[in-house]
Amino acid sequence: MSKKAFIFDLDGVIVDTAKYHFLAWKNLAGELGFEFTEKQNEQLKGVSRVRSLDILLKIGKIELSQEEKDRLLLQKNEEYLTYIEKMTSDEILPGIPAVLDFLEKNNIVFALGSASKNAGLILEKVGLLNKFTAIVDGNDVSKAKPDPEVFLIAAKKLKTEPKYCIVIEDAVAGIEAAHNAGMFSIGIGDPVHLNAADINLRNTKELTPDLIQKIIT
Ligand code: B16
Ligand code: MG
């Protein structure tokens, strides 16, 4: 049995929930009277909900009281949840089911390490909730990526050491968090944007059992 363990980010690695975050933030921006583009949405990937709102308000050049911000955070999440409610296993990104099955068959443990406070619900909707040995999400951490907290908690829950962990991430802050934790990283997405990753893959289709086999041996 390999000592290696894997930690998967959620949005951008297991599923593409960024499109739903975008819809909800875009509608909120519209209500506040400004445009929010898909390109600007890139800035919110891997970032916590609270921080995302701050970035959005900065784009719209709007200053609000904490009370008003809390109300908007709730409103955004309520709309986001209406999209999440409709998710099915069809939305699991290509290549992921085969890799999770491969890890299971080879007794290699894996955890989720996500900034989302809705991670449990999303995994349940796509039928993956019981696959992960541990789930560490936005409800468990006090410091956001690039702080290594989320991945260090995951390693602990997997009963392993950071040096044996391989993190799969689509956000720059996530790659940084992996390295800050002393872990190996695989970046999913634009290799220029994610050039800090130890291995770069353009998309999850390139994350094959063969590649995993090479990494663990
Ligand atoms: P929630 P990840 C992140 O997920 C998303 O990439 C980011 O856009 C979102 O703001 C964050 O989760 C918080 O999500 O509003 O559901 O708590 O990539 O860390 O899996
Ligand atoms: Mg992500």
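**Note on the predicted model: cores, domains, metal site and salt bridges**

1. The largest nonpolar core of this structure has 38 residues, and those with the most contacts inside it are Phe6, Phe8, Ile14, Leu103, Phe132 and Leu207. Helix H5 (residues 96-105) supplies the largest share of this core, namely five residues, and the core draws at least three residues from each of domain 1 (5-16 + 89-216) and domain 2 (18-84). Please keep in mind while reading that this is a predicted model.

2. Leaving aside residues up to four places away in sequence, Ile14 touches Phe8, Asp9, Glu91, Ile92, Leu93, Ile96, Leu112, Leu123, Leu128 and Phe132. A second, separate core has 16 residues, among them Ala111, Phe151, Ala154 and Ala181.

3. How do the two domains meet? The domain assignment gives domain 1 (5-16 + 89-216) and domain 2 (18-84), and their C-alpha centres lie 25 Å apart. Eleven residues from domain 1 and eleven residues from domain 2 take part in the contact. Between them the domains bury about 1,100 Å², with 50% of it on carbon and sulfur atoms, and on the side of domain 1 the residues that lose the most area to domain 2 are Asp11, Asp16 and Asn118, together 38% of what that side buries.

4. Across the interface of domain 1 and domain 2 there is one salt bridge. Separately, a salt bridge joins Lys19 and Glu91, whose closest N and O atoms are 3.8 Å apart; this pair links distant parts of the chain, with Lys19 in helix H1 and Glu91 in the loop between helix H4 (66-84) and H5, 72 residues apart. Lys19 counts as partly exposed, at 39% relative accessibility.

5. Which residues coordinate the magnesium ion (ligand 2)? The ion is coordinated by Asp9 (OD), Asp11 (O) and Asp170 (OD), at 2.0 to 2.2 Å, and in sequence these donor residues are spaced D-x1-D-x158-D. Because Asp11 lies in the loop between strand E1 (5-8) and helix H1 (18-32), while Asp170 lies in the loop between strand E4 (165-169) and helix H8 (172-180), the pair ties together parts that are 159 residues apart in sequence. Asp11 is buried, with a relative accessible area of 15%, and Asp170 also counts as buried, at 13% relative accessibility.

6. Ala119 is placed in helix H6 (residues 119-125) and counts as buried, at 0% relative accessibility. Although Ala119 and Asp11 are 108 residues apart in sequence, they are 8.9 Å apart in space, C-alpha to C-alpha. Beyond residues up to four places away in sequence, Ala119 touches Leu10, Leu112, Ser114 and Asp137.

7. Side chains of opposite charge can pair when their charged atoms come close, and the structure holds ten salt bridges. In one of them the side chains of Asp54 and Lys69 meet at 3.1 Å, N to O; Asp54 lies in helix H3 (residues 49-59) and Lys69 in helix H4, so the pair ties together parts that are 15 residues apart in sequence. Asp54 is partly exposed, with a relative accessible area of 30%, whereas Lys69 counts as buried at 18%.

8. Glu161 and Lys163 meet through their side chains in a salt bridge of 3.7 Å, N to O. Here Glu161 counts as partly exposed, at 42% relative accessibility, whereas Lys163 is exposed, with a relative accessible area of 55%. Finally, Asp9, Lys145 and Glu169 are linked in a network of salt bridges, and Asp9 is also one of the residues that coordinate the magnesium ion (ligand 2).

Technical notes:
Residues numbered from 1 in each chain as written. Chains lettered and ligands numbered in written order. Predicted model: local features only at pLDDT ≥ 70, side-chain atom pairs only at ≥ 80, totals over all residues. Heavy atoms only, no water. Donors = N, O, S within 2.8 Å, 3.2 Å for Na, K, Ca; no water. Helix = DSSP H or I, 4+ residues; strand = E, 2+ residues; numbered from the N terminus. Buried < 20%, exposed > 50% of the residue type's maximum accessible area, 1.4 Å probe, protein only. Core = buried A, V, L, I, M, F, W, Y, C linked by side-chain atoms within 4.5 Å. Domains from an automatic or database assignment. Contact = heavy atoms within 4.5 Å. Buried area = accessible area lost by both parts, 1.4 Å probe. Salt bridge = Lys/Arg side-chain N within 4 Å of Asp/Glu carboxyl O.
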